[in-house]
Amino acid sequence: MIRRRHVLAGGLAIPFVAKGQTKARVVVVGGGFGGATAARFLRQYDPTLDVTLLEPNHTFIACPFSNMVVAGERELAAQRFGYDAVRSDGINLVRAIAMSVDPAARTVSASNGASLSYDRLIVSPGIDIVWGGLPGYDEAAASKMPHAWKAGEQTLLLRQQLREMPDGGVVVMSVPPNPYRCPPGPYERASLIAWYLKTHKPKSKILVLDAKDVFSKQKLFQNAWKRLYPDTLEWVSLSDGGNVTRVDPATRTFETDFGSHPADVGIVVPPQRAGAIAATAGVADRSGWCPIDPVTFESRLVPGIHVIGDAAIAGAMPKSAFAANAQGKVCAAAVAALLRGEKPQEPRLINTCYSLAAPDYGFSVAGVYRPVNGVLTDIEGAGGTSPLDAPDSQRMQEAQYGDRWFATITAEVFG
Amino acid sequence: MRVEAGLGLVMLLAAAAPPPGASSCSGCHGSASPIAGHDAKQMTEALIAFRSGAQPSTVMGRIAKGFDADELGAISAWWAAQK
């Protein structure tokens, strides 16, 4: 019996049925917390699948805890992970950049000249920085005013600039409006830099200029700041004139509608969008991010292409490493089901994120999500943040749990 | 007969797709011990205790509140069957 494979609009697939040697093929673009997870779990859920992972870097450098590297409390080596285990899972690892996608032909063109055919494509490209989105902040500016919003060289550059800053210097950091990768990240960074300054350069200050009035884990951070860094850290909300309209990299100056803030060390958390391949493949909308189906993570714009991780518009789920990993597993299960001609299960997803206000002072946010009217939505009564009045022992415990989370998740994805 | 049926069920569960929510657990707990292979009844009771607050926790209470007892039972049964 011969069955032909068709894909209908909306992504419903009649099963791919292996004839002789042919296997269903899935290509995954991006080998980070989302893509490497998806690739490995595709193989776990269906060992008959032919899985290719397209990832240009030989080493993955993790962002979570990179703020500790910035603060001098951790080495970058602790953030580096290789792809040996990914290859050992029988995944075809292609070290190249995805350049374009032909959704009709179902092929991905790679920078090494390869044309990769797929039955289903999972795109997990992370973020790209919108150069010039903040006037004055072009690519060249990043060597004067680091973003360090992609870990690696930028992380070390920022650490170096802080080390070289004399005592009494001023660090200024700008924070964009939502959405961006890692909602509490800027505030953890501000906290750990404040901790570094208080410890090593006590005459110094850090000023945070925010395009927002409200942020993730806000009361927890602000209570910690009041207690730990009353003379070191100042946060300026949007309403108080914190919105940065322009930067001048030559002088490290941040301009707002109300004045100018020159910095000895200037950090820009920049405007960002889904990684470039998303727009090229047609799965990003005008916002620069990718709308998806909450059950399968299939693109709402292009059938047959799924988007996970930071690049996706995932409703109430934040752009976090934990979320990318959770989505990678759910998407892999859904794609495996679709390729077998089965209806994917309605998922539940969890996110848990730890933040540090100081090296031994941690707290968390958690969420449980389900699809409601086509959008991943918080389950009422579940989730939330650590209590405001938790004792120091609990802050220390959560800092340790965060450490253990990092070890566990990186072992699952890369180990 | 009952032992064989029980083993059969475990094998089915081990091979089955994870029930809703279960795949997210390994993000913090990993895919080996202590949750893989843990006694299903004990895990269900623990999750229900986290959910009610009878057992204090940092994050587990907030997470367990996202599921009803049946869902927590299904998650526990699935993890119990993983090796």
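**Chain contact and backbone**

Analyst: The contact draws 33 residues from chain A and 20 residues from chain B, where contact means heavy atoms within 4.5 Å. This is a predicted model: local features need pLDDT of at least 70, side-chain atom pairs count only at pLDDT 80 or more, and totals for chains, interfaces and linings use all residues. Residues are numbered from 1 along each chain as its sequence is written, chains are lettered from A and ligands numbered from 1 in the order written, and side-chain values use heavy atoms, without hydrogens and water.

User: Of the area buried between chain B and chain A, what percentage do carbon and sulfur atoms give?

Analyst: Buried area is the accessible area (1.4 Å probe) that two parts lose on being put together, summed over both. Between chain B and chain A it is about 2000 Å². In chain B, the residues that lose the most area to chain A are B:Ser24, B:Thr58 and B:Arg62, together 30% of what that side buries. Carbon and sulfur atoms give, of the area buried between the chains, 59%.

User: Which side chains meet in a salt bridge at 3.9 Å, N to O?

Analyst: A salt bridge is a side-chain nitrogen of Lys or Arg within 4 Å of a carboxyl oxygen of Asp or Glu. The count between chain B and chain A is two. One of them, at 3.9 Å from N to O, joins A:Arg348 and B:Glu71.

User: At what angle do the axes of helix 9 of chain A and helix 2 of chain B cross?

Analyst: Helices are DSSP runs (H or I, at least four residues), numbered from the N terminus. Axes are lines fitted to C-alpha atoms over the stretch in contact, with angles from 0 to 180 degrees between N-to-C directions. The axes of helix 9 (residues 392-414) of chain A and helix 2 (residues 22-29) of chain B come within 6 Å and cross at roughly 120°.

User: Which residues of helix 2 of chain B meet helix 9 of chain A?

Analyst: Helix 9 of chain A brings A:Trp405, A:Thr408, A:Ile409 and A:Glu412. From helix 2 of chain B come B:Ser26, B:Gly27, B:Cys28 and B:His29.

User: Where is the cis peptide bond that has omega near 10°?

Analyst: Most peptide bonds are trans. The bond from A:Asn178 to A:Pro179 is cis, with omega near 0°. B:Pro34 is found in the loop between helix 2 and helix 3 (40-52) of chain B. The cis bond with omega near 10° runs from B:Ser33 to B:Pro34.

Note on methods:
Helices (H or I, at least four residues) and strands (E, at least two) are DSSP runs, numbered from the N terminus.
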